[in-house]
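Good morning, and thank you for making time for this.

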Amino acid sequence: MFHVEQSAPHIVVVGGGHAGVEAASAAARAGARVTLVTLKASAIGVMSCNPAIGGLGKGHLVREIDAFGGIMGVAADRAGIQYRLLNRSKGPAVQGPRAQMDRELFKGAVQAIIAQTKNLTVIEGQVVDLVIRSGKVTGVVLQQGGELLCDGVILTTGTFLNGVIHIGTETTSGGRMGERAATKLADLLYGLNLPMGRLKTGTPPRLDGRTIDWDRLERQPGDEDPVMLSFLSSAPAVRQIDCAITHTNARTHDIVRENLNKSAMYSGNISGVGPRYCPSIEDKIARFADKDSHQIFLEPEGLTTPSVYPNGISTSLPVDVQQDYVASIVGLEKAEFLQPGYAIEYDYVDPQALSHALEVKALPGLFLAGQINGTTGYEEAGAQGLIAGINAFLAASGGAPCVLSRADSYIGVMIDDLVTRGVSEPYRMFTSRAEFRLQLRADNADQRLTPKAIDLAMIDEQRKAAFDQKMQHLESVRLILRSTKVASRKAHESGINVSADGPARDGMELLSIPDVRPAALAELFPDLQDCDPQAVEQVAKEAIYANYLDRQQRERDRLLKDEQSVIPDTFQFSAVRGLSAELLEKLERQRPETIAHAARLEGMTPVAMNSILLALRTKD
Ligand code: FAD
């Protein structure tokens, strides 16, 4: 497995963050020789902000990365110190597995996986330029001198492009606390006339847990039956811990309000747009003035460090003000800082410049993934890295691009959103972004995507064997459930909530009735006892949505057809009658690759779409 020819394409990945490691690993697993160039090898896999992986929408992305044999889920399960399935009381489609990490263990796990990946070499250094020959990117230039020639480059430089760190009125150049920014690379991208913008994000101070009064705080334990992030894991690898909850109060709000003019984000020092869904404490108090309290989760950052992450109070206020408002919070009166909170402002490339394969349309051979594309979050970065890694290899080896559909993955939804509509604020994933979310569940990511990874020959034997076995178990359960139609009276008598004179139903139909759990079917389908219990639970989840899935199928088929209807490169949008000048300009700039892509462009109308379809048909 993973045999790589000496003549295999050489791919250079720039950046060892979450996008970079997935890109490097995916390209290597797909069959490339890979060089990962990063500023600090010891910082590979660092979590710049919150010590957690997964969550709503994000848990789906982690499972999808894992379904392709990626790093994130496996590393997270080696380092998870508290597991919680978010939205547990709601349906499986919107449940999000999440685990809090021991930062050092997570970083160590990522580095170990990278070190064990065949045909992957890590070089410490700064990339300052690209080698471009005949309009194609064919290498990178290192600051220490020398060129690395290759068949494709993936930039995953995160928050480092022209990064500026803000604490109150103090500003320093940096990619994140303690690391230098990448200014030469940013200049280069401006020089290439790529559409660029500026975004910002922030992080809270880190507290010394030994100075927190835990006894006064509400404890938050993890789940009793932890749900793992990787399909290969069965139980947490390390000791589990509790978190705690506290709240801001009127005094906290007064301190923040009185000092808003000293906040980098509010004093006009920062021009970039911040993440709406991850607001700073300044944002919360200024924008939600009617709320007199906000919840703060106190999350230990590991088993051997005193560092605690106060989730919910990211800030760019001066350090003395941060200390004042933290001391006003119950349990934190004497809390000491290990690191102040800060905001960071950085350049990003408008992802509308990219194809669905994450390749820069105007510059073949250059792929972009992660926060450089205007997203926020480890999971969003990792998922893009995976796709860029696969596609850099495919492009260099003459294969057709790997483009995931909105109909089969959250990754497909995210990339389509990014390249079709661009970003106006840091983009993060939510389940509400996916129109087919009943099908795109975290629990079935492997069923949806591992077959594609097998086709690309990029997963190892262990994962393939585990997947094949799981599919067999699922099929056995489905066969048993579909084998018999149970008369309604019999189902009623066995305690299932159906009327005694209704139609006969098979096991799948019975499981689609709200609140009917597999245990209720034990007597009616005794063969289930011999089945793998996890497979039975999984099929029960499928059954909940079976009725809705039939209805969604037609819509899904239409989208898949539109995604396959390619608009030729030579097609003249200017020859289409009746398009507004604004829409025409957008179509010519973005050159949508398919009908589905064109239909989702901002400003597209049904009339304009019909005109384009007519023109395409006439052309044929
Ligand atoms: P990064 O993880 O930033 O990795 C970039 C890598 O590129 C680094 O390894 C760096 O060394 C390397 N690099 C850069 N330039 C060069 C070069 N020229 N040559 C070689 N190597 C280079 N996410 C959230 O979801 N919620 C939050 O609240 C949140 N807050 C954040 C607060 C701060 C202060 C920061 C810094 C980030 C925050 N994030 C947050 C974002 C999260 O950390 C990122 O989304 C994620 O790390 C992006 O991954 P990435 O791989 O794109 O980039």
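Let me begin with A19, which, apart from neighbours within four places in sequence, is in contact with T156, A369, G370, A381, G382, Q384 and G385; two residues are in contact if their C-beta atoms, placed from the backbone, lie within 7 Å. Before I continue, please note that this is a predicted model, in which local features need pLDDT of at least 70, side-chain atom pairs count only at pLDDT 80 or more, and totals for chains, interfaces and linings use all residues. Residues are numbered from 1 along each chain as its sequence is written.

A19 belongs to helix α1; helices here are DSSP runs of H or I of at least four residues, strands are runs of E of at least two, and both are numbered from the N terminus. Is A19 buried or exposed? A19 is buried, because 34 C-beta neighbours lie inside 10 Å. The cut-offs are 20 or more other C-beta atoms within 10 Å of the residue's own for buried, 12 or fewer for exposed, and partly exposed in between, with C-beta atoms placed from the backbone.

G16 sits in the loop between β1 (10–14) and α1 (18–30). G16 is also buried, since 27 other C-beta atoms lie within 10 Å. Beyond neighbours within four places in sequence, its contacts are V21, L36, T38, A43 and I44.

I turn to the ligand. Of the 37 residues around the ligand, those that come nearest are G15, G17, G158, G370 and G377; a residue counts as near if its C-beta atom, placed from the backbone, lies within 6 Å of the molecule. The elements giving two or more residues to this shell are α1, β2 (33–38), β13 (196–203) and α9 (378–396). By class, the shell holds 14 nonpolar, 21 polar and 2 charged residues. Here Ala, Val, Leu, Ile, Met, Phe, Trp, Tyr, Cys and Pro count as nonpolar, Asp, Glu, Lys and Arg as charged, and the others, Gly among them, as polar.

Next, a helix pair. At what angle do α2 and α11 pack? Helix α2 (residues 58–67) and helix α11 (residues 445–455) pack at about 35 degrees, with axes 8 Å apart. Axes are lines fitted to C-alpha atoms, for helices over the stretch in contact, and angles run from 0 to 180 degrees between N-to-C directions. From α2, the contact is made by H60, R63, E64 and A67, and from α11 by A445, D446, L449, T450 and A453. These residues divide into 4 nonpolar, 2 polar and 3 charged.

The buried residues of α11 are A445, D446, R448, L449, T450 and A453, and their cover includes α2 and α12 (461–483). Just after α11, A457 takes a positive phi of about 55 degrees.

Most residues other than glycine have a negative phi. N119, in the loop between α4 (103–116) and β6 (120–124), has a positive phi of about 65 degrees although it is not a glycine. N119 counts as buried because it has 20 C-beta neighbours inside 10 Å.
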